[in-house]
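The following note sets out several numbered points on the structure shown below. It moves from a covalent link to individual residues and then to the chain as a whole.

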Amino acid sequence: MSYPSELLVAVVLAGLLLPLVFFALLAWRPMTRLGFASALLSALSYQTLSHYLFPWSLVGLHTRWAMWALLFFALVRVRHLGVQPRWFPPSWWGRAAMALGFLGSLSSLGDAVDVVRSRNAPSDTVRVRSPLEAGTYTVQHGGATESTNHHHHVAAQRFALDVSRVNAWGARAGGLAPKSVGQYYIFGTQVVAPCAGQVVALASDQPDFAPGRFDADVPLGNFIALHCADSDITVVLAHLGRGTVQSHLGAQVTPGDPLGRVGNSGNTSEPHLHVHAVRGRVTEPEQLLFTGDGVALRVEGAFPVRNDRLVFR
């Protein structure tokens, strides 16, 4: 994830306040039949999309269920207030708002289709073990389309994953946009080999940055590229901490072997583990990062998509 702290605040406010506006409209006073239908469709379509697309780990994965509970209570309120027998709102602005609500609901259908497509794993998906020690994690970016995965436009990274560790509430840090890397729960987490194979490329001397800073010239930062012998793919594990890499070029590893620890190096504005895979034994940087044939991964049997909660044991 690469959100400046100011943008984080705006994203959270918009993501949480907009559905509250829809819920308030439903529960404010009796509406006309079409006005109610418009407000209800708007609330349902926006809440459904935000359930899958909003970066819920900013405030806690479980918050999205609280938003559904608020929608339920708004509908209970509607039942108490009733609906006016007339079809159209009497005022021009009421009719305009009704029309905008219907148009907004229709426009969200394309996004909804894209979200569904994002969860469809390709037929040639490769199974790997967990790349992280035991714990609870979430996917910041991941899936088969750009709606849930901002890496998707890059050939080598089209099925990449950005993974963060979360607490019991599903939040990835001790605050919305902490300035210390230590406040991000994944920082320092042990990274392990997700398959048996050989280390074919690595870097270990790139600096760790404070959250909000990043190095676009060295996108991976400290990383390990591991060629998985049984599936003929090369898995990249990136943004490791400086001086934490625990392997060497040419090393043979087995699943679960320690490789390094999560840091905040490279093109990242907060600590997380970046994972992607390309087909074949790849060592050339351009192919490894940009032009390679990206491969989708099943991690511990799951095809991870944004906002999925992953429990590694």
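1. The disulfide. The torsion about the S-S bond of C195 and C228 is about -75°, so this disulfide is left-handed. The two residues lie in distant parts of the chain, 33 residues apart: C195 sits in the loop between β4 (190–192) and β5 (197–203), whereas C228 belongs to strand β6 (residues 222–228). Their sulfur atoms are 2.0 Å apart, and a disulfide is here a pair of cysteine sulfur atoms within 2.5 Å. By this rule the count is one disulfide. Both C195 and C228 are buried; buried stands for under 20% relative accessible area, exposed for over 50%, and partly exposed for values in between, with a 1.4 Å probe and protein chains only.

2. Basis of the values. The model is predicted: local features need pLDDT of at least 70 and side-chain atom pairs count only at pLDDT 80 or more, while totals for chains, interfaces and linings use all residues. Residues are numbered from 1 along each chain as its sequence is written, and side-chain values use heavy atoms, with hydrogens and water left out. Helices (H or I, at least four residues) and strands (E, at least two) are DSSP runs numbered from the N terminus.

3. V253 is part of strand β8 (residues 252–253). With a relative accessible area of 8%, V253 is buried. Apart from residues up to four places away in sequence, V253 touches A193, C195, A196, G197, V199, L226, S247 and L259; contact requires heavy atoms within 4.5 Å. From V253 to G104 the C-alpha distance is 52 Å, at a sequence separation of 149 residues.

4. The loop between β2 and β3. Which residues does N149 contact, leaving aside its neighbours within four places in sequence? They are H141, G142, G143, R158, F159, A160 and R306. N149 lies in the loop between β2 (135–141) and β3 (161–165), and its relative accessibility of 0% is why N149 counts as buried. The N149 side chain reaches the backbone oxygen of A160 at 3.0 Å. Such a polar contact is a pair of N or O atoms within 3.5 Å; within protein, one must be able to donate a hydrogen and the other to accept it, and residues adjacent in sequence count only if both atoms are side-chain atoms.

5. H152 in this loop. H152 is also placed in the loop between β2 and β3, but at 23% relative accessibility H152 counts as partly exposed. The side chain of H152 reaches the backbone oxygen of A144 at 3.2 Å. Beyond residues up to four places away in sequence, H152 touches A144, T145, E146, Q157, R158 and F159. H152 and V21, 131 residues apart in sequence, are 32 Å apart C-alpha to C-alpha.

6. Two helical positions. H51 is located in helix α2 (residues 33–53), and H51 counts as buried at 8% relative accessibility. Its contacts, not counting residues up to four places away in sequence, are W56, R64, W65, W68 and N307. S107 has its place in helix α4 (residues 92–118); with a relative accessible area of 51%, S107 is exposed. S107 and Y52 are separated by 55 residues in sequence and by 16 Å in space, C-alpha to C-alpha.

7. Positive phi values. D232 is not a glycine, yet its phi is positive at about 55°. D232 occurs in the loop between β6 and β7 (233–240) and counts as partly exposed at 39% relative accessibility. E300, likewise a residue other than glycine, has a positive phi near 55°. E300 lies in the loop between β12 (297–299) and β13 (309–312), and E300 is partly exposed with a relative accessible area of 47%.

8. The chain as a whole. The secondary structure of the protein chain comes to five helices and 13 strands. Its C-alpha atoms fill a box of roughly 75 × 40 × 35 Å along the principal axes. Of its 313 residues, 49% count as buried. Among contacts with a separation of 6 or more, 75% are accounted for by residues 24 or more positions apart.
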